[in-house]
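Thank you for asking me to look through this model. My remarks are set out as numbered points, to be read beside the sequence and the structure.

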Amino acid sequence: MIKEKTNIAVFISGRGTNLKALILRSNKNSCNYKIAFVVSNKKNAAGLKIAKKNKILTKIISKQFLKAEQKKLAKILINKNIQFICLAGFMKILSPYFLNFFKNKVINIHPSLLPKYKGLNTHHRALKAKEKFSGCTIHYVSKKLDSGKIIAKKKVKILKKDTIKKLEKRVLKEENKLYPIVLEKLIMS
Ligand code: GRF
């Protein structure tokens with residue numbers, strides 16, 4: 001019997017390389033998930049084009065994203081039988097009200113080895129602190145920013161000649177590899 005694929009929503013705000021990596025993996029027959037919905041708080045996010053190209057339903061949320069809208073979005077996601085929400089460069093904080101609808105179902109990818117360097121400018125801060133390693137972390141989303149339970153990490157060595165851009169590029173490459181693998185494992189478990 002062929003098992004049905006698990007429905008996933010991806011929340012973005014910009015470029016969408018992680019979204020693309022998740023979609024690419026999902027297109028394989030052997031993959032256990034399907035990207036069924038993409039949400040963005042930016043109507044011009046480049047990632048939306050990737051979603052549309054792959055015929056994935058998209059939705060733009062408002063800047064305010066107040067309770068009534070959150071409830072509406074949660075209902076849509078529940079109706080679409082969304083089992084996990086993957087944040088991928090989503091620059092808005094989800095309220096506890098929204099998160100309550102999806103306990104342990106919202107995950108995020110962050111460009112540092114958490115708990116180090118929560119928040120923004122992670123590569124700049126890691127370089128400034130002369131860290132030997134940086135990397136990325138996938139974690140559950142909780143009320144506190146970048147502080148939910150860690151699911152997986154991938155280390156990236158910092159090189160002597162690294163700049164923010166060079167480091168970001170190498171970390172992003174690892175993010176794009178890690179996210180689909182971790183999601184598949186999470187669904188299996
Ligand atoms: C990634 O570096 C991710 O870790 C961070 O935002 C960036 C999003 O990149 N949260 P992209 O839009 O997936 O290319």
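The points below take up the ligand site, a salt bridge and the backbone.

1. The model is predicted, with local features requiring pLDDT of at least 70 and side-chain atom pairs counted only at pLDDT 80 or more, while totals for chains, interfaces and linings use all residues. Residues are numbered from 1 along each chain as its sequence is written, and side-chain values use heavy atoms, with hydrogens and water left out.

2. Oxygen atoms of the ligand lie 2.8 Å from a polar backbone atom of Gly 16, 2.9 Å from a backbone N or O atom of Asn 18, and 2.7 Å from a polar side-chain atom of Glu 175. The protein covers 85% of the 360 Å² of accessible area that the ligand has on its own, by the Shrake-Rupley method with a 1.4 Å probe.

3. Arg 15 also forms a salt bridge with Glu 168, the closest N and O atoms being 3.3 Å apart. This pair links distant parts of the chain, since Arg 15 lies in the loop between strand E1 (6-12) and H1 and Glu 168 in helix H6, 153 residues apart. The count comes to 5 salt bridges, each a side-chain nitrogen of Lys or Arg within 4 Å of a carboxyl oxygen of Asp or Glu.

4. Two backbone details deserve a look. Leu 114 and Pro 115 are joined by a cis peptide bond, with omega about 15 degrees, and Pro 115 belongs to the loop between E5 and helix H5 (122-128). Lys 55, in the loop between helix H2 (46-53) and strand E3 (57-60), has a positive phi near 60 degrees.

Conventions:
Polar contact = N/O pair within 3.5 Å; in protein donor to acceptor, adjacent residues only side chain to side chain. Helix = DSSP H or I, 4+ residues; strand = E, 2+ residues; numbered from the N terminus.
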